[in-house]
Amino acid sequence: MSKKVLVLAGDGIGPEIVAEAVKVLKALQDQGAIDIVLEEGLVGGAAYDACGDPLPEETLAAAKSADAVLLGAVGGPKWEPLPIAKRPEKGLLGLRSGLGLFANLRPAVLYPQLIDASTLKPEVVSGLDLMIVRELTGDIYFGQPRGVETLPSGERRGVNTMVYTESEIERILRVAFELARKRRHRLCSVDKANVLECTELWREVATRLSADYPDVELSHMYVDNAAMQLVRAPKQFDVMVTGNLFGDILSDCAAMLTGSIGMLPSASLNERGQGMYEPIHGSAPDIAGRGVANPIATILSVAMMLRHSLAAPDAASCVETAVARVLDEGLRTADIMTPGMRQVGTAEMGDAIVAA
Ligand code: NAI
Ligand code: MG
């Protein structure tokens, strides 16, 4: 039976990069490598403009009945004056919580062709291959109470709350332990257990679970040190697991190890095996509409979709090989351009990957 893929392009560069990823899916379909039905929906600012809601009910319903969701990006200065509950980013958070997408996998791999595109020394990043596992439906992004309140004195106070239950912590840690098992058997759990009780519990659960995974070497690291170690000696890491907030920040940091945030895909999975796939970057309003954005992060997200949600691991490898081949040929979007290479736009990069 055909699998259903819901395409949510979003705002800014979202539609530009998603168009290239859809080309890749259609090419695989034409070759008989996959059997999918593509559906489109609105999310983010595009949805707000159309119907006043960044996550319309029909979009959430379509996502719930899909085998996989491909998302571009949402957000932009146009919607910044709106209250947070109406902002495009709220659409994305609503999808994550509505689908229960608690496990966010963010691989950071340096393509050897891009060694000069990284701002770090080649010896620091060459051969880099790490996986950040970010919890996605808890933490300070969803904790209550929240908001801006006015105290009796008249002074205003902003409140957000870091919350994790033991079962939420256990569930994401098990995903990370299992992944480490399939990789290099090392797991680093990142917290701030020295000052935050919530993450003290996190550390305790990680230590308890490690008894179930004797083949995985568990270490703990405070998040401030983890940020430093990621730029000092990133190859010490295999799998890193952390909460929603720390994972957001550390994965942007890891992105730059690979040369550009335009190279990093992600998968967000729930307990039913459904997944949402998106680049880790945002809507890049500074370059939107110019046809210069790098579509590779979105195309590599398609590869993750093929592997995790469409049971098509060969097609996934095929996409990853095609990306490598195009980089071998010297094609570069502006964000990864280095001397001697050939600069291309978004569509030209997508076409070259399809051809490869
Ligand atoms: P951003 O990731 O959109 O952009 C940061 C920088 O990276 C910009 O200079 C941008 O041009 C560049 N960049 C990003 N993706 C690129 C690509 N594919 N190719 C080439 N260059 C690329 O983050 P920023 O500027 O902080 O946020 C912009 C908007 O996106 C905001 O409204 C923010 O809330 C939203 N956002 C949405 C996310 C999502 O939809 N998942 C994630 C992060 C931010
Ligand atoms: Mg982020």
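1. Two residues are in contact if their C-beta atoms, placed from the backbone, lie within 7 Å. Axes are lines fitted to C-alpha atoms, for helices over the stretch in contact, and angles run from 0 to 180 degrees between N-to-C directions. Helices (H or I, at least four residues) and strands (E, at least two) are DSSP runs, numbered from the N terminus. On these terms, helix α9 (residues 244-257) lies across β4 (103-109), β5 (129-135), β8 (186-191) and β10 (239-242). Helix α9 runs at about 160 degrees to β5.

2. The model is predicted: local features need pLDDT of at least 70 and side-chain atom pairs count only at pLDDT 80 or more, while totals for chains, interfaces and linings use all residues. Residues are numbered from 1 along each chain as its sequence is written, and chains are lettered from A and ligands numbered from 1 in the order in which they are written.

3. An open sheet of ten strands has the order β2-β1-β3-β12-β11-β4-β5-β10-β8-β9, with mixed pairing. Strands pair if DSSP finds at least two bridges between them. At the edges, β2 (36-41) and β9 (217-222) each pair on one side only. From one strand to the next, the twist averages 20 degrees.

4. Within this sheet, which strand does β3 (residues 68-73) join through three bridges? The partner is β12 (residues 275-277), and the two run parallel. A68 stands opposite G275 in β12.

5. Beyond its neighbours within four places in sequence, V133 is in contact with residues including A103, L105, I172, M240 and V241.
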